[in-house]
Amino acid sequence: MTNLVLHVKDLHLELAAAFQAVTVDAFADNPEHPLRKVLDPFISRSVQATNDNFKLLFDYHAAEFSLAPLPVDEQLKLIDDFIREQPLNLAEMDMEVFAQHRNMSAKYSTKEAVDDPSRWGWRWHYRSLQVQRLYDELLDCRLGARFNQGDAEAIDDEVVMQWWADMVKHMPALNRATRLNPEWASEKVTFGSLKRVLRVLLVWLSWIHEDVGHSAASYVYNPVYTPMNIPLDGVGVPMRSYVFNVAAYRGFVFLERAALMDEPPNFWFGTETCSGWWMFQSCTTPADDKSKQCFTDFQSKLKAFGDDDKAFSECDKTGFYSCVDRVETAVSS
Ligand SMILES: [Fe+2]
């Protein structure tokens, strides 16, 4: 469930692929558009993630090692069943209502409940909710001054309107939200709808993507714990499976990737200008200080969670979650 359905089907297939492709296309002629700048970190490595990744998983059967202990055909059938029987609605993936939609009381997703060992707090949800709220603030900070009309008026910007229309068209989960929950995501883009949709996409594509699957990577990729890497007689580790995994992950997965806590590059905030010629050319990107400040404030608050909040420190060797400084900005591999 964690790796195959939540991670690969929901995040990679249904959300990331459409979000990344639509965003790249919609802003191709307007790469300096402020919304494109805000989304830049969250669409990195999109081509690799949506093409080669699936070739590796399903053509070359890496899914049998890393997603679920089932043959690839069975996995695709399961994915298909989920798509048809339990279709995603983006509005129900909003961390603000995620518990309510699942008949969980909000009292389990509080710091008090999560910190108290005598109570059963919903740690995963508590963490995701806190991070989603940081995204909400970041979006207000980056875009509020330009677009903020709440839900009262549609955003009057051709590029944003076209991007929204394409998103609704190509992302079934958003399309369903506009039909079933128009107060959450309206058909015409308002700043309120834009912010709710983006905060949900960003938290799922960065934070939750890491938590559902990658946080357990060290276990999944270790042949001792991977069912498909255990030989029929139960003795040792099959050499061919092991070599395949090592080659795939060394050559494909362990690549340069942007993490939320990295020093952010200036092109996420400002316009690059170049002078000179070819190898003598020098380019600079004077960052828009206010936009960059929004992002570094976001990073400071996230770091504070990692430093001070117990629920955020139970990561890597001390838990099943991802450490704050390891979370990527975008769905990659
Ligand atoms: Fe992934």
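A disulfide is a pair of cysteine sulfur atoms within 2.5 Å. This report looks at such pairs in a predicted model. The structure holds two disulfides.

**Cysteine 315 and cysteine 323**

Cysteine 315 is buried, at 9% relative accessibility. Cysteine 323 is buried as well, with a relative accessible area of 14%. Both values count as buried because the cut-off is under 20% relative accessible area.

**Cysteine 141 and cysteine 294**

Another disulfide is formed by cysteine 141 and cysteine 294. Their sulfur atoms lie 2.0 Å apart. Cysteine 141 sits in helix H8 (residues 123-147), while cysteine 294 sits in helix H14 (residues 289-308), so the pair ties together parts that are 153 residues apart in sequence. The torsion about the S-S bond is about -75°, so this disulfide is left-handed.

What are the relative accessible areas of the two partners, cysteine 141 and cysteine 294? For cysteine 141 the value is 42%, and the residue is partly exposed. Cysteine 294 has 6% relative accessibility and counts as buried.

**The two bonds in a table**

| Disulfide | S to S distance | S-S torsion |
|---|---|---|
| Cysteine 141 and cysteine 294 | 2.0 Å | about -75° |

Note on methods:
Residues numbered from 1 in each chain as written. Predicted model: local features only at pLDDT ≥ 70, side-chain atom pairs only at ≥ 80, totals over all residues. Heavy atoms only, no water. Helix = DSSP H or I, 4+ residues; strand = E, 2+ residues; numbered from the N terminus. Buried < 20%, exposed > 50% of the residue type's maximum accessible area, 1.4 Å probe, protein only.
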